Amino acid sequence: MSENKVIDGKDFAERLRGSIATLAAEFEAKAGRKAGLAVVLVGEDPASQVYVSSKGKQTVACGMASFEYKLPADADEATLLGMIEQLNADPAVDGILVQLPLPRHLDEQKVIATISPDKDVDGFHVTNAGRLAVGQAGYVPCTPLGCLMLLKDRLGDLSGMNAVVIGRSNIVGKPMAQLLLAESCTVTVAHSRTKDLPEVVRRADIVVAAVGRPEMVKADWIKPGATVIDVGINRLPPAEGKTKGRIVGDVDYQGAVQVAGAITPVPGGVGPMTIAVLLRNALVAAYDHIGAPLAAERLPENTIA
Ligand SMILES: Nc1nc2c(c(=O)[nH]1)N[C@@H](CN(C=O)c1ccc(C(=O)N[C@@H](CCC(=O)O)C(=O)O)cc1)CN2
């Protein structure tokens, strides 16, 4: 198996962060302040704690200001919405992110709707979702934008390719489909009710798996030479004598890597791109907020306008 089949998201994310750091320093010199990203965590979900901590560390490492807010798992809606309103009004904060999932008693859509669309660096607000749907500039969700960067880096022009997105979530599946459509792919969005999913996937030049089911996509579903992007992060039950299970994606990697032309591993594929693109979006927001929009070509790895 040739090594360059593997799409190394960790390496790409590192290079993207390098470009972000350069532009963040330029921003500071220009604006007289650092670009600022606020992250709000409600509760103590262990995975979310790890992601929020990584976001804070990487924000600072790129020369941006990190503001971290933690609320207890039983925090009421008014407290969370009040915190978001304060961050909306704070001129030191360019981007706001509320870590998901939220505890069940909180209304996710209401919380997202409270974030100012101009600080919505997650791209989850309906204003930004609408902008993406009609092809206007706006903030695009980090994971699908990261997937698109990896795809364009590997394949160049995607136009005319058959793409299948497995999963229809607002965070990954739907925006991923919109991005691929904007690149002139022929896009199929598959989901739990799709008939004969293996056959649908076999027609695809590009497969994006975002279903959250460990190793569901099998090697014999993949068209030889296709490019496979695995968004899944699933922890398997621990093997005997171990405390933690291993992390696998939504694709049977060991099988699929034999057939695919290129594939992202899990870990080390799409995951690291999520945080790098978040920093990219926060920096874009900061430049917008000082009335000096950042041209896409100033971020060399970033082929997206
Ligand atoms: N408000 C948001 N919440 C969530 C998002 C999001 O984009 N915005 N995405 C995910 C979690 N996430 C960031 O928040 C995230 C997931 C995975 C990784 C990552 O680097 N994964 C590693 C493996 C990590 C591990 O060992 O557990 C990898 O794939 O190599 C970063 C960020 C849900 N919530």
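**Annotated positions and the ligand shell**

The "binding site" annotation, taken from an unreviewed UniProt entry, covers Gly-167, Arg-168, Ser-169 and Ile-233; UniProt positions follow the numbering used here, feature names are shortened, and annotations may be inferred rather than shown by experiment. The model is predicted: local features need pLDDT of at least 70, side-chain atom pairs count only at pLDDT 80 or more, and totals for chains, interfaces and linings use all residues. Residues are numbered from 1 along each chain as its sequence is written.

Ser-169 sits in the loop between β4 (162–166) and α7 (173–182). Helices (H or I, at least four residues) and strands (E, at least two) are DSSP runs numbered from the N terminus. Beyond four places in sequence, Ser-169 is in contact (C-beta atoms, placed from the backbone, within 7 Å) with Lys-174 and Ala-210.

Ile-233 lies in the loop between β7 (227–230) and β8 (234–235). With 18 C-beta neighbours inside 10 Å, Ile-233 is also partly exposed. Leaving out residues up to four places away in sequence, Ile-233 touches Ile-247, Val-266 and Gly-271.

Gly-271 also belongs to the ligand shell: of the 17 residues around the ligand (C-beta, placed from the backbone, within 6 Å), Tyr-51, Leu-100, Pro-267, Gly-271 and Thr-274 come nearest. Two or more shell residues come from each of β3 (95–98), α6 (142–155) and α10 (270–289). The largest share, 4 residues, is from α10.

Notes. Contact = placed C-beta atoms within 7 Å. Buried ≥ 20, exposed ≤ 12 C-beta atoms within 10 Å, placed from the backbone.
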